[in-house]
Amino acid sequence: MNWEVIQSYLPLYEKAALLTLKIGWLGIAFSIILGFVCAIIRHYKIPVLHRIVGIYIELFRNTPLLIQLFFLYFGLPKIGIAIDAEFCGVLGLALLGGAYMAESFRSGLESIEPIQTESALSLGMSRTQTIWHVILPQAISSSVPAFVANIVFLLKETSVFSAISLMDLMFTAKDLIGLYSKTIECLAMLVIFYLIILLPVSIVGSIVEKKLRFAGFGE
Amino acid sequence: MTSLGLDVLFKGINMQRLLAGLWVSLRISLIAIAISIFLGLVVGWLMTRKNIVIKAITRVYLEIVRIMPQMVLLFIVFFGTTRLFGWNIDAEVSSVIVFSFWGVAEMSDLVRSSLISIPKHQYESAYALGMSEVQTYLSVIIPQTFRRLVPLAINLITRMIKTTSLVMMIGVVEVLKVGQQIIEANRKSSPNAAFGVYLTVFILYFIVCWPISMFSKKLEKKWS
Amino acid sequence: MKNILKKIAATGLAAVTAIGIIGAGTALASEDADTLYRSVDEIIESGTINIGVFSDKSPFGYVDEYGEYQGYDVYFAQRIGEDLGVEINYVSTEAANRIEYLQTGKVDIILANFTVTPERAEEVDFALPYMNVALGVVSHDDNVITDLSQVEEGQQIIVISGTTAETYLVKNNPEIQLQKFDTYAAAKSAFENGTGVAWANDNTEVIAFAIENEGYTVGIDSLGSADTIAPAVTKGNDSLLSWLNDEIVSLGEENFFHADYEATLADTYGLDYEDTLVVEGGVIAAAEEAE
């Protein structure tokens, strides 16, 4: 292992890690919003939208992100829809993540017995109040483990961004290997940088998971 | 009128080539899935043992798999091992190794959680009825575990199939790479091929994965 | 809390193990790495030669609609297979993988439009050249770049990872922002879709692109030094290297590479470029003039 090489590559890896983080977290933020909206549409069976969302979820849960990105980035411009690589990365991740988040969140919603809604309504709460104060807190806390798993999964998926030329960690490593053939150093740095990004998420995730268990009902 | 670039698919044997490419990635995932199911059952059962050494090793193994992107693992196995140990592993074999490494971890974790989800009193009742350990497993524990496990395992299978699309990045000529080759060879005659070809690849993956995940959903509903 | 600590311990241990494996491996690295190639005899005995070519770089190395490899490089590869009396296993390669594939013994020869440079020559062994090349820059008709200083801040030039164009621009024009792609297919698609103001690559490649596609002009047809393209083998594989050199010299007697040009490149370039591009018998034109 050549430390000088590692030092000289360090700024490039840092830049790449920042890009990975930026796109990763933006994509995840949008995927949570999207997943949330889709889950509510699905759960409350809002007409028409509920079908469209259903198709979207099945399409994006059953195809690889890599293929989705290729289609979005290289395919769509051919019919006049050109999007830049970073936007495409965020969009791809948000669409993929949205489909997963929607399913996790929906199973959270479904885990709540109908009797709770009925009780809340009979106590004189409005429909919105019921959803906001009774259903959502429980649904969110019971879908947290799945949420955390999704976040880790989505952050890992960012490694395919290299295919649409985003200079993320994966691409930087490949590019440097191609340029200077310092394979071992490049791979070792790749591993370490992914550890730096994903270890905290994994640890924080398990802490959050424990803290949010408070709403477990009837256990 | 812009063409959608679907015409290239009917040139020569292009469609067959795409399907053959799809088969390359499917074959990798099928082999990896078979290995994962088999070893995953064994490792998952090991994890429920109270042995602290086994626990520690499997825990570390699970964490590595959970944290490292599969793409990184692919690169390490494909390029790294030759550099480090002098093993020359071909791209398809590297892919099988990586996907099995990942699949066994996920599978064994599923097996473990299904096993521990069976309440202790089930074991105890079985023993109280005079059943041996083997009998208890065969006729009490395994059938129940099976029902919890199968839908989850099928879910894992679709994830593995989807993830094999990454093997293109280490030079396996699979469906996406064939797609690129077709687009390149027809750049002049059919400039919009990128749309048609990538759309086709997208749909192909969907056709493979969707029925499998529908099946798993059905089982889950039926057995829960 | 105890569980969290356990989790942290496990993840920490995972990290240490991962780094440990790499560290341990590095210690072993240097010794084994150089015996990975196969000599000519071993290749003949096995009955198959592995040749790394491009599969998305028309007209040099690409795959036709029947799944057959075609192009200038492939035409030569075909002949190598015939003369060695072995089957050819084509390995599809990307620019950035070429050195790696040789050094890890995944292919015997790289015939993927591989430009000879001093840096690369430290990593692999080049045989005699079979083509001339320089760098070129192609841009959209409505904004033709004839000089690199025209590239404004915030604009990007497309390059392919692991090519001489990338190395050249990184070294000589570090102020220019590069948009890198790992495959020719991806780079061309992105360029067509309006990413980047220009695409820098081997001039042969950008000229072919401008000829084959409407709306593009090669504003700079020769950038950097005039280079050559040659087959490459794993460093130290002397038997294969000298076999290749003999082959190239003897093929020169039958004007093989001119025939290759006419069969594969004439469609794209016409016959005007034949003498500028082709290197016959491993003898570079400049050297001929000097004689």
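1. Glu166(C) counts as buried, because its relative accessibility is 0% and buried means under 20%. Keep in mind that this is a predicted model. Glu166(C) sits in helix α6 of chain C, which covers residues 164-172. Leaving aside residues up to four places away in sequence, Glu166(C) touches Asp175(A) and Leu179(A), along with Val159(C), Ile160(C), Ser161(C) and Lys180(C). Look also at Gln179(C). Glu166(C) and Gln179(C) are 13 residues apart in sequence, and their C-alpha atoms are 9.8 Å apart in space.

2. Now turn to Gln180(B). This residue belongs to helix α7 of chain B, residues 175-185. Gln180(B) has a relative accessible area of 0%, so it is buried. Which residues does Gln180(B) touch, not counting those up to four places away in sequence? From chain A there is Phe70(A). From chain B there are Met168(B) and Tyr198(B). From chain C there are Asp56(C), Thr183(C), Ala185(C) and Ala186(C).

3. Next, a helix pair in chain B. Helix α1 (residues 14-47) and helix α4 (residues 91-116) of chain B have axes that come within 6 Å and cross at roughly 40°. Therefore α1(B) is oblique to α4(B). The residues of this contact between α1(B) and α4(B) are 17 nonpolar, seven polar and three charged. The crossing of α1(B) past α4(B) is right-handed.

4. Domain 1 of chain C takes in 34-130 + 230-290, and domain 2 takes in 133-227. The centres of these two domains of chain C, taken over C-alpha atoms, are 24 Å apart. Domain 1 of chain C gives 20 residues to the contact, and domain 2 of chain C gives 20 residues.

5. Check the backbone at Pro59(C). The peptide bond from Ser58(C) to Pro59(C) is cis, and its omega is near 0°. Pro59(C) is placed in the loop between β2 (56-57) and β3 (61-63) of chain C.

6. Val48(A) is not a glycine, yet its phi is positive, about 60°. Val48(A) is in the loop between α1 (3-43) and α2 (49-61) of chain A. Is Val48(A) buried or exposed? Val48(A) counts as exposed, because its relative accessibility is 61% and exposed means over 50%.

7. The other is Asn255(C), a residue other than glycine with a positive phi near 55°. Asn255(C) lies in the loop between α9 (238-253) and α10 (256-269) of chain C. Its relative accessibility is 40%, so Asn255(C) counts as partly exposed.

Terms used: Residues numbered from 1 in each chain as written. Chains lettered and ligands numbered in written order. Predicted model: local features only at pLDDT ≥ 70, side-chain atom pairs only at ≥ 80, totals over all residues. Heavy atoms only, no water. Helix = DSSP H or I, 4+ residues; strand = E, 2+ residues; numbered from the N terminus. Buried < 20%, exposed > 50% of the residue type's maximum accessible area, 1.4 Å probe, protein only. Contact = heavy atoms within 4.5 Å. Axes fitted to C-alpha atoms, helices over the stretch in contact; angles between N-to-C directions. Parallel < 35°, antiparallel > 145°, perpendicular 65-115°, else oblique. Left-handed = near helix turned anticlockwise from the far one by under 90°. Nonpolar A, V, L, I, M, F, W, Y, C, P; charged D, E, K, R; others polar. Domains from an automatic or database assignment.
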